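Here are some notes on the model, point by point. Please read them with the structure open.

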Amino acid sequence: MSPKPSQPSLTERRKAATQLDIARAAAALFAERGPDGTTAEDIARRAGVALRTFYRYFRSKQDAVGPLLSGGAERWRALLEAAEPGEALAGVLERAVTEALRMPDAHAAEQLGWTRGLLRAAREDPALRAVWYRVNQDSEERLLPVLTRLAGEGADPLEVRLAAAAATDAVRVALEAWAETDAPASGPGSPADLAVHCLHQLMGGMRLFRG
């Protein structure tokens with residue numbers, strides 16, 4: 001049995017909560033005014049924090065939405081971390097991505113709504129696109145040791161690395177494609193539906209995915 005990840009401290013939880021409050025304020029203002037019409041001062045004011053607190057956590061107004069964009073990847077990684085080696089990687093990945101992107105409650109629905117709005121805004125804002133790409137790069141790097149454990153001893157490190165990249169891109173492309181449409185957040189055409197399709201297309205030829 002793999003050891004459970006250590007729980008964050010109270011200080012870490014408070015820091016994460018403050019960052020999320022700032023991220024939500026930034027996303028709301030971007031939706032109202034667009035990134036160009038929003039300043040860091042506006043975001044800090046909306047979030048109810050001092051400007052110095054904003055800059056303690058984020059370098060720019062676009063950086064502030066990072067916690068919202070990374071939320072789904074964190075849920076997906078947590079589900080994979082809870083899995084045990086030995087099962088076919090294909091099934092583990094599909095179940096995890098479906099669970100992470102489905103809408104079990106209002107919070108998940110809100111998360112997907114923020115993501116859709118931010119990805120649409122990113123089409124016209126290079127700095128916001130850069131944040132999205134950085135979030136995905138970070139997700140890929142964090143996913144690699146998780147997949148290495150699940151693939152088990154003897155797995156080709158290059159194949160595992162390729163699997164981490166392909167899995168991350170499958171989710172990224174699915175969310176981007178969904179954000180361009182008015183498709184629902186569940187059912188056909190939803191992020192979970194598209195992500196599973198992308199997984200099959202990108203990883204179907206890999207030995208690790210064939211299990």
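1. Helices here are DSSP runs of H or I with at least four residues, numbered from the N terminus. On that basis, Asp36 sits in the loop between H1 and helix H2 (40–47). The model is a predicted one.

2. Asp36 first. Is Asp36 buried or exposed? Asp36 counts as exposed because its relative accessibility is 74%, and the cut-off for exposed is over 50%. Setting aside neighbours within four places in sequence, Asp36 is in contact with Lys61 and Asp125. Leu208 is 172 residues from Asp36 along the chain. The C-alpha atoms of Asp36 and Leu208 are separated by 44 Å.

3. Now the core. In soluble globular proteins, nonpolar side chains tend to be buried together. In this model the largest nonpolar core has 63 residues. Which of them touch the most other members? They are Trp76, Leu80, Leu93, Leu147 and Met203. Helix H9 (residues 157–179) gives the most to this core, with 11 residues.

4. Leu147 deserves a separate look. Not counting residues up to four places away in sequence, Leu147 touches Leu80, Leu89 and Leu93, along with Val160, Ala163 and Ala164. Leu80 and Leu93 are also among the core residues that touch the most other members.

5. Next, the aromatic rings. A pair of aromatic rings is described by the distance of the centres and the angle of the planes. How many aromatic pairs are there? The count comes to three. Phe54 and Tyr55 form an edge-to-face pair, at 5.1 Å centre to centre with 85° between the planes. Phe54 and Phe58 form a tilted pair, at 5.9 Å centre to centre with 55° between the planes. Ring pairs link Phe54, Tyr55, Tyr57 and Phe58 into a cluster.

6. Phe54 is buried, with a relative accessible area of 0%. Phe58 counts as buried too, because its relative accessibility is 7% and the cut-off for buried is under 20%. Tyr55 is partly exposed, with a relative accessible area of 45%.

7. The charged end of Arg116 sits over the ring of Trp178. The distance to the ring centre is 3.7 Å.

8. Rolling a probe the size of a water molecule over the atoms shows where empty space is left. How many cavities of 30 Å³ or more does a search of the whole structure find? The search finds two. The largest cavity holds about 180 Å³ of space. Its lining has 18 residues, and the closest to the centre are Leu69, Gly72, Ala73, Val171 and Leu175. Helix H4 (66–69), helix H5 (71–82), helix H7 (106–122), helix H8 (126–151) and H9 each supply at least two residues of that lining.

9. The largest pocket comes next. About 1300 Å³ of space lies in the largest pocket. It is lined by 35 residues, and Ala16, Ser70, Glu74, Arg77 and Arg142 are the closest to its centre. Which helices each supply at least two residues of the lining of the largest pocket? They are helix H1 (10–33), H4, H5, H7 and H8. H1 gives the most to this lining, with eight residues.

10. Arg75 is found in helix H5 and counts as partly exposed at 29% relative accessibility. Leaving aside its neighbours within four places in sequence, Arg75 is in contact with Ala100 and Gln111. Arg75 and Gly117 are 42 residues apart in sequence and 20 Å apart in space, C-alpha to C-alpha. Arg129 lies in helix H8 and counts as partly exposed at 29% relative accessibility. Not counting residues up to four places away in sequence, Arg129 touches Ala122, Arg123 and Glu124. Arg129 and Glu41 are 88 residues apart in sequence, with 21 Å between their C-alpha atoms.

11. Arg161 lies in helix H9. At 56% relative accessibility, Arg161 counts as exposed. Arg161 and Leu194 are 33 residues apart in sequence and 22 Å apart in space, C-alpha to C-alpha.

Notes. Residues numbered from 1 in each chain as written. Predicted model: local features only at pLDDT ≥ 70, side-chain atom pairs only at ≥ 80, totals over all residues. Heavy atoms only, no water. Core = buried A, V, L, I, M, F, W, Y, C linked by side-chain atoms within 4.5 Å. Buried < 20%, exposed > 50% of the residue type's maximum accessible area, 1.4 Å probe, protein only. Contact = heavy atoms within 4.5 Å. Phe/Tyr/Trp six-rings, centres within 6.5 Å; stacked < 30°, edge-to-face > 60°. Lys NZ or Arg CZ within 6 Å of the ring centre and 35° of its normal. 1 Å grid on protein atoms, 1.4 Å probe; cavity = no way out; pocket = protein on both sides within 12 Å on 5 of 7 lines; lining within 4 Å. Points joined across faces, edges and corners; volume = space filled by probe spheres on them.
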